[in-house]
Amino acid sequence: AISCIPVIHPFLQSIVRSLPLTGVSPRLASSALEALGELSHVTGEAMIPWVGELIPHVLLTMQDQSSASKQRISFRALGQLVSGTGYVILPYIDYPNLLPLMTSVLPGAKRSPWILRREIMRTFGLIGALDPSRYSSMLRRSQKVRRGRVGGGLYIDAQDEEIKSPVNRE
């Protein structure tokens, strides 16, 4: 996979822009998400410039309960995207609806295939752990959330230490 990076890198922007993530058939969207996940796995940090525009598409697909396979693919793509780019824990901050969305899918997955439940748990592990009490207090103080970050259960004030997120928060 490492040997592919010099070949893929010049074409990365064109590849990412051409992925049909919205307004297409579910099968094509699933295939595009699979391609996105594999591309993230191969290129790693080179995908950072597109994280902010790709994750909302993945979250939208994750909410679609019409197909367990489509949900599984979206969880896998999210896991590959965050692990490839090193964008961990911060997705919970940048996308406050991510954690509730992931936890809401899990109980409904009891009647779903084991492979979906396993992928959800795997994605939780890849994104990382978050201190629940700190997370809930941050949600209440949403203005403060936009300036700070959470890391390993510890609230880090952005004024003390600058942590860069690939997502534009304007």
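H5 is followed by Gly 86, which has a positive phi, near 75°. Helices here are DSSP runs of H or I with at least four residues, numbered from the N terminus. The model is predicted: local features need pLDDT of at least 70, side-chain atom pairs count only at pLDDT 80 or more, and totals for chains, interfaces and linings use all residues. Residues are numbered from 1 along each chain as its sequence is written, and side-chain values use heavy atoms, with hydrogens and water left out.

H5 covers residues 68-85, 18 residues in all. Its first and last C-alpha atoms are 26 Å apart, close to the 26 Å expected (1.5 Å times one less than the number of residues). The helix is mostly covered, with 13 of its 18 residues buried (under 20% relative accessible area, 1.4 Å probe, protein chains only; exposed is over 50%, and partly exposed lies in between). At the N-terminal end, Ser 67 provides the cap: a side-chain oxygen of Ser 67 lies 3.4 Å from the backbone nitrogen of Ser 69.

H8 spans residues 114-127 and includes Glu 119. Its 14 residues should span 20 Å, and the end C-alpha atoms are 20 Å apart, which agrees. Buried residues of H8 are Leu 116, Glu 119, Ile 120, Thr 123, Phe 124 and Ile 127. They fall within an arc of 140° down the axis, so they line one face of the helix; the arc is taken from the directions from the helix axis to the C-beta atoms. On the other side, Trp 114 and Gly 125 are exposed. H8 is followed by Gly 128, with a positive phi near 110°.

Glu 119 is buried at 5% relative accessible area. Neighbours within four places in sequence aside, Glu 119 is in contact with Arg 72, Phe 75 and Arg 76 (heavy atoms within 4.5 Å).

How values were computed
Helices (H or I, at least four residues) and strands (E, at least two) are DSSP runs, numbered from the N terminus. A polar contact is a pair of N or O atoms within 3.5 Å; within protein, one must be able to donate a hydrogen and the other to accept it, and residues adjacent in sequence count only if both atoms are side-chain atoms.
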